Amino acid sequence: MLSSSNYDQLNISRLAFLGFATLSGWLLGASCLPSRGDEPATDAHVREALEITTGAARMYEFQLAGNPPERLDFAPESVLRWSNPEAGEIYGNVFLWTRRGRPEVVGSFLQWYSPFTHGSHEFQSLAMQPLVGNRRDKAVWTTDQAGVELAPLPGKPDVADTSAVRLRQARAIARDFQVRKTDREGNSSELRLLAQPLARYSDGDSELLDGVLFTFVQGTDPETFLLLEVRKDRDAWQWQYALAPMNSVQFVATFRDQTVWQTEILPWARVKSGREIYTSFGPFEPQQAIP
């Protein structure tokens, strides 16, 4: 198992840049994998990493705090497969836990093959209330605050009447956000918005008419999530937004050049405490990849 200092450095190095063409090629390969008997080692690792990360994700259960608590539903299909060959041979998958379709917890699970061989699990709360997370019936994550706070979108754009047009609106709104990341060494970079949303959801029995989950990435590794939701404000529908980190470094987000969100670097002890709205577990050695 890596030392704490080496693992901390590893968490930073895994965020190195991966070009879009590399991602496209990997995704194509992942969707057209040959049989196990004749597949290249890389394809075999992609397949195995998906099995490992899916199995690891299944070990977690989450509940919204309340009386009684409300268990979240696990969606077993990865909503984003990512790779980071600049850092090494590493493959990750993103999974969601939902309530009535709305994402409440997002988890990113990764598996190394070179130069390391361990796995890691990180989570961000998207819930609007505290939650509790268990791994194999053992409590590992407890928050005492909401993971996100929705706010009216600046300018209060009109809400379209149809679902198709609202999706086009959401894509246009998302493009007006920019997110900059600054790591622990002071290196800054602009994150890239993935055009394809990770999730689309609604709840006809509540005041949530529509919701879209986007992500900003470095390479293809998700670093920040953007929720755009249409919710009832008094008697009118209104676009609202929230941003959430998937890393413990500094983020600054702007909307049409106006700063709307900012985080500061979170000490590693707090990241690993299982008490913050963003948390990380690991490293898990190969035999512990499914803990």
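User: Which residue meets D176 in a salt bridge through their side chains?

Analyst: This is a predicted model, in which local features need pLDDT of at least 70, side-chain atom pairs count only at pLDDT 80 or more, and totals for chains, interfaces and linings use all residues. Residues are numbered from 1 along each chain as its sequence is written, while side-chain values use heavy atoms, with hydrogens and water left out. A salt bridge is a side-chain nitrogen of Lys or Arg within 4 Å of a carboxyl oxygen of Asp or Glu. At 3.0 Å, N to O, the side chain of D176 meets that of R256.

User: How many residues apart are D176 and R256?

Analyst: Helices (H or I, at least four residues) and strands (E, at least two) are DSSP runs, numbered from the N terminus. D176 is in the loop between α4 (163-175) and β10 (177-182), and R256 is in the loop between β17 (250-255) and β18 (258-263). The pair thus links distant parts of the chain, and its separation is 80 residues.

User: Which class of exposure does R256 belong to, buried, partly exposed or exposed?

Analyst: Buried means under 20% relative accessible area, exposed over 50% and partly exposed in between, with a 1.4 Å probe and protein chains only. D176 has 25% relative accessibility and therefore counts as partly exposed. R256 has 53%, so the class of R256 is exposed.

User: How many residues apart are R99 and E70, which form a salt bridge?

Analyst: The side chains of R99 and E70 meet at 2.9 Å, N to O. R99 is in strand β4 and E70 in strand β2 (residues 70-71), so the pair links distant parts of the chain, with a separation of 29 residues.

User: Is D203 buried or exposed?

Analyst: R100, the partner of D203, is partly exposed at 40% relative accessibility. D203 has a relative accessible area of 9% and is therefore buried.

User: What is the order of the strands in the open sheet?

Analyst: Strands of a sheet pair through backbone hydrogen bonds, either parallel or antiparallel. Two strands pair if DSSP finds at least two bridges between them. Here 5 strands form an open sheet with antiparallel pairing, in the order β3-β4-β5-β6-β19.

User: Which strands are the edge strands?

Analyst: Each edge strand of this sheet pairs on one side only. The two are β3 (73-83) and β19 (278-284).

User: How many of the 11 residues of β4 are buried?

Analyst: β4 is largely enclosed by the rest of the structure. This is so because its buried residues number 9.

User: Which side chain of opposite charge is nearest to D183?

Analyst: Lys and Arg count as positive and Asp and Glu as negative, while His and the chain ends are not counted. D183 is found in the loop between β10 and β11 (188-190). It is buried yet has no salt bridge. At 5.4 Å, the nearest side chain of opposite charge is K181.
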